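Please consult the sequence and the structure displayed below while reading.

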Amino acid sequence: MGCLVSRDLVMNNTLLKITDLNKSFGGVCATDNVNVEVERGEIHALIGPNGAGKTTLISQISGILQSDSGEIQFDGIPISHMKAPARSLMGIARSFQITSILREFTCQENVALAIQAHFGHSYNMWKPVSSEDKIQNRAVEVLESIGMGELRDTTSGDLAHGEQRQLELAIALAMDPKLLILDEPLAGMGRIDSVKIVNFLNGLKRKFTILVIEHDMDAVFTLADRISVMVYGRLIASGTPDEIRADAMVRSAYLGVD
Amino acid sequence: MRVLNSLQNRRTILAILVIGTCALAPIAAGILDQPYYINLFSRLMIWAIAAISLNLILGYGGMISFGHSLYLGIGAYTVGIFAYYDIYNFYLQLVTAVAVAAFIALIFGGISLRTRGVYFIMITMALTQMVYFLSISIEEYGSDDGLIIYDRSDFGTDLISMDNPVQRYYLIFLVMIACLYFSHRLIRSRFGYVIRGTKSNETRMEVLGYSTFRYRLVCFILAGVMCALGGVLSANVEKFVSPDIMHWTRSGELIFMVVLGGMASILGPVTGALVFWLLSEFFSRITEHWHLIFGPFLILVVLLSPRGIDGLLSIKRSGNE
Amino acid sequence: MEWALLIEQTLNGIQFGMLLFLLAAGLTLTFGIMDLVNLAHGSMYMLGAFVGATIFLWSGSFILAILLAVPLVAGIGILVEISTLRTLYQRHHLDQVLATFGLILFFNELVQVVWPLDGLSVPFPDYLNFTVPLLLGIEYSVYRLMIIGAGIVVAIGMYILVAKTRLGMLIRAGAADRTMIYALGTNIRLLFTLVFGLGTALGALAGILMAPILGANSGMGEQIIIIAFVVIVIGGIGSVRGSLIAALITGLIDTLGRSFLDVLLAFFIPVNAAEAAAPAISSMLIYIFMTCVLFFKPQGLFGSQTR
């Protein structure tokens, strides 16, 4: 096993620590004793061929899937027993590979709903959300930061695919998370949109801790501080982009096939 | 933008028409010397109240409850059972009805909301059927013959009386308007957005940090309580309550009213109730076996206009819907 | 004496369970394969009772009644499928619920028009209208034993169908993951129509078999269909095995509850209180049982987790 994790990191610098995590579906191991650490402030890319268990892993982290065994620690606190909403409130936000916006709502409403969740309870049945300036101003701010300010009143289901992917990202950002998990943010995007998003993500560097799944290797090697490689549910390597490039096993298992 | 405005205009015209009809019905009844119309419209508005409450969970929340008539039954039986023991205090009846409805909705919602899709439909249906059979099996309260209520609810004041048909009518009218306004506020509030978001994409909402089960349950209880208000009023109009009020076909009719009027539109349930009644009047003039026409008509509505009357209003709106 | 009654009621419970199974099997098939919530399944049961009873009264032959009425009602079911339900398979459950609700209203009224008297009462066929001695000197109706037998035959037939045939493969695939069906089948439309016809035939058979016991009346379908819903919810929607087991349990709980709950309650509370409370509680027993099952297994006893 190519153990490439640098040992000189201070322990409390770890934001997410995954130990021996497992999940199987009807006997097929989707994740098989996975160990990953994500440091504060880094962009950590998760790569691997289709069906390697990457999406399963981040669903386990975000709490959509409950793990069969293993331990997830976030900010020093074990979270394996928590459900998705509780994990979200702790500061884990994720985007989906298949766009998962609320199609009936406008862009601003989508983003506002993400902010609202982290902004007190939502049992108020009387006061219109549209009159809550704090939420709405912040929503506009987030949309503008990602270049969607003009689309704020457009129904999100009517957006073009690339714009929907952008909105997906905006929703995750709006939660102001400690850990931002992105599942193929560039999926199905054209060249120009891709460059825009990569630049945007680069701008988030050091402001957010990001765990990102991506198939676009150019983007991965541009953005990532560290890269983990998954094949058949196992983590076969983890290290800096240079280390991963040099790793013989990764090259034969994944990069070489490309 | 102009097309949108015309949609808005059509909605406004329909709203004025529907609400205006309800507001003026007693006056029309007086002029036409048809006092019968007052009770008829009272009944209609009670259906509307039940349908408005169902619209909260069905139209906005996406929860297909096929047992909503249960809460009409709870409201009506509360009045009936109190009356059976010669207790007519309106406030006591109201508070009890609300409490019982909330409690039952908490339990039944807690059970059924653990499930999804077709399980939810069948469980809500079965639980209401359970209470229906329970009410049939209790002979003390009239079993399937029902309970006759000898006196209407008493407000403890001379200012307003349930026995005065016009006063009773406008009380029901006010309750209906209050329910409409409450829905209008609710769906624009934080809570409303969470409920609508959960209908649209539950996983997304969970990941955003919402414990959707709790919000759904609160909404379910709210709808049950609102519907029970309709039941309390119904007992006062009919002076009678029987298990029929929670028969499963009644739940089906309520769903149809909501769909007919247009799901997730504020006024839809009222329009739906009104049109439902007009249709049943119309078809039953043609033949006493009017379900022979009504059944296929219902199927046609589902097949041709799944978005109901509110959907028809926007039919000229071009572009993607 | 109590023991004899207990055995008799247990047999009645099994017989009721078998009847529920005949209905639930059709429901669970149409749901498992076509994703169709068919409230109108009870109407086919009712039609089976009316058509079967009419043929029996006219010809005097119960066997002929079954042989004619089952395909006849299945044919009506297929017509309904082709004209209406087929377009609803891909639609939202709410649309299906409403449209099949419309079908129920239609068929209930139709039956009242065609058979204007207040329902039909049907005699037992002569050759089945006797009792046989069982143990402890119990005499039990051969006709009811025949219903149990019919249920067993259908259960075995369904087992062979599900476990051994290509159609069964589709059923199992559909119960696990519905999108599979579209990947496997060649002529989906025909398959769906056939499955619907089969389900209708089972429902109609149940209707004919029950006609001598309960008679035939408008609205008879809904009372039993809601219990059949309870059965498939308990058994797990899409699972034929689950619906058999759940049907038997439900039949036994309901029948035994109605006859023995007062005796049972009298151990804990005063006799007159027990006698007053028993009918109310026994009418709720199966729903309480359903609730308990769902509390521990929200997908039912044999339901798949994916739905």
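In which sense do S7(A) and strand S8 (residues 209-213) of chain A pair, and over how many bridges? The two strands pair in the parallel sense, over 5 bridges.

## Basis of the model

This is a predicted model, in which local features need pLDDT of at least 70 and side-chain atom pairs count only at pLDDT 80 or more, while totals for chains, interfaces and linings use all residues. Residues are numbered from 1 along each chain as its sequence is written, and chains are lettered from A and ligands numbered from 1 in the order in which they are written.

The predictor gives the complex an ipTM of 0.90 and a pTM of 0.92. The pLDDT (the predictor's confidence in each residue, from 0 to 100) averages 92 in chain B, where 96% of the residues score at least 70. Within chain B, residues 317-321 have a pLDDT below 50, and this stretch has 3 contacts in the model beyond near neighbours in sequence. For chain C the average pLDDT is 88, and 93% of the residues score at least 70. Two residues are in contact, here and below, if their C-beta atoms, placed from the backbone, lie within 7 Å.

## Strand S7 of chain A

Helices (H or I, at least four residues) and strands (E, at least two) are DSSP runs, numbered from the N terminus. Two strands pair if DSSP finds at least two bridges between them. Strand S7 (179-183) of chain A is joined to strand S6 (residues 92-94) of chain A by 3 bridges, and these two strands run parallel. Ile92(A) has Leu179(A) of S7(A) as its bridge partner.

A residue is buried if 20 or more other C-beta atoms lie within 10 Å of its own, exposed if 12 or fewer, and partly exposed in between, with C-beta atoms placed from the backbone. Because 5 of the 5 residues of S7(A) are buried, the strand is largely enclosed by the rest of the structure. Leu179(A), Ile181(A) and Asp183(A) point one way from S7(A), whereas Leu180(A) and Leu182(A) point the other way; all are buried.

## Domains of chain A

Chain A is divided into domain 1 (1-89 + 178-185 + 205-258) and domain 2 (92-176); such bounds come from an automatic or database domain assignment. The centres of the two domains, taken over C-alpha atoms, are separated by 27 Å. Domain 1 of chain A supplies 15 residues to the contact, and domain 2 of chain A supplies 12 residues.

On the side of domain 1 that touches domain 2, helix H1 (54-62), helix H2 (84-90) and strand S7 (179-183) of chain A each supply at least two residues. S7(A) gives the most to this side, with 5 residues. The residues of this side of domain 1 divide into 9 nonpolar, 3 polar and 3 charged. In this classification, Ala, Val, Leu, Ile, Met, Phe, Trp, Tyr, Cys and Pro count as nonpolar, Asp, Glu, Lys and Arg as charged, and the others, Gly among them, as polar.

## Contact between chains A and B

The contact takes 27 residues from chain A and 21 residues from chain B. Helix H6 (165-188), helix H7 (190-200) and helix H8 (202-208) of chain B each supply at least two residues of the side of chain B that touches chain A. H7(B) contributes the largest share of this side, 6 residues. By class, the side of chain B that touches chain A has 8 nonpolar, 8 polar and 5 charged residues.

Chain C contains 11 helices and 2 strands, which run α-α-α-α-β-β-α-α-α-α-α-α-α from the N terminus on. Of its 307 residues, 49% count as buried. The C-alpha atoms of chain C fill a box of roughly 60 × 50 × 35 Å, taken along the principal axes.

Among the 2 pairs of chains that touch, chains B and C have the most contacts. In this pair, 36 residues of chain C are in contact with 36 residues of chain B. H4(C) gives the most to the side of chain C that touches chain B, with 16 residues. By class, this side of chain C has 24 nonpolar, 8 polar and 4 charged residues. Chain A and chain C do not touch, and their nearest C-alpha atoms are 11 Å apart.
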